[in-house]
Amino acid sequence: MSRFKVTKQIEFCYGHRLLNYDGKCKHLHGHNGLLEIVVSTESLDSRGMVIDFGDIKDVVKGWVDTNMDHRMILSKDDPILNILLDLNEPVYVMDENPTAENIAKHIHEEAQKAGLEILETRLWETPSSYASYSPANADERGG
Ligand SMILES: [Zn+2]
């Protein structure tokens with residue numbers, strides 16, 4: 001089965017720290033993150049496209065800019081959370097540890113809720129390291 005795929009890159013900045021982890025990411029720090037949103041269909045629309053790149057940008061960049069860009073992304077269990085909230089620092093709270101894997105999954109699911117059918121979401125945390133998420137049924141989706 002042949003498929004078409006398009007990938008849109010979206011940059012954003014975020015801070016985080018990981019709980020139950022021994023390493024650099026244990027302490028508060030920031031990343032210049034690069035998202036890659038992959039959309040795939042079996043056939044093209046009347047314009048000859050999988051999807052307009054601008055439509056991916058509108059949904060994903062819109063959500064990320066509002067919720068995660070230039071914020072600390074923290075676990076709800078992080079003891080520093082209440083201190084930052086008291087100081088009116090911008091935070092985004094996750095149920096899980098804010099690893100690149102979990103952030104990618106979270107953005108993927110929020111974009112799906114907004115109506116974007118995504119094959120895979122990748123989050124480059126550094127220029128050499130990315131984590132990706134794709135739901136189990138992603139390959140079966142066709143357009
Ligand atoms: Zn980190």
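A nonpolar core here is a set of buried Ala, Val, Leu, Ile, Met, Phe, Trp, Tyr and Cys residues joined through C-beta atoms within 7 Å. With that in hand, here are the close-ups of this predicted model.

**View 1. The largest nonpolar core.** Val-39, Val-60, Ile-73 and Ile-107 touch the most other members among the 26 residues of this core. At least two residues each come from strand 1, strand 2, helix 1, strand 3 (71-75), helix 3 and strand 5 (120-126). Helix 3 is the biggest contributor, giving five residues.

**View 2. The surroundings of Ile-107.** Setting aside residues up to four places away in sequence, Ile-107 touches Leu-35, Val-60, Val-64 and Thr-121.

**View 3. Helix 1 and what covers it.**

**View 4. Leu-81 in helix 2.** Leu-81 belongs to helix 2, which covers residues 81-86. Leu-81 counts as partly exposed because it has 16 C-beta neighbours inside 10 Å, while a buried residue would need 20 or more. Apart from neighbours within four places in sequence, Leu-81 is in contact with Leu-74, Lys-76, Val-91 and Val-93. For a sense of distance, the C-alpha atoms of Leu-81 and Lys-105 are separated by 21 Å, with the two residues 24 apart along the chain.

How values were computed: Residues numbered from 1 in each chain as written. Predicted model: local features only at pLDDT ≥ 70, side-chain atom pairs only at ≥ 80, totals over all residues. Buried ≥ 20, exposed ≤ 12 C-beta atoms within 10 Å, placed from the backbone. Helix = DSSP H or I, 4+ residues; strand = E, 2+ residues; numbered from the N terminus. Contact = placed C-beta atoms within 7 Å.
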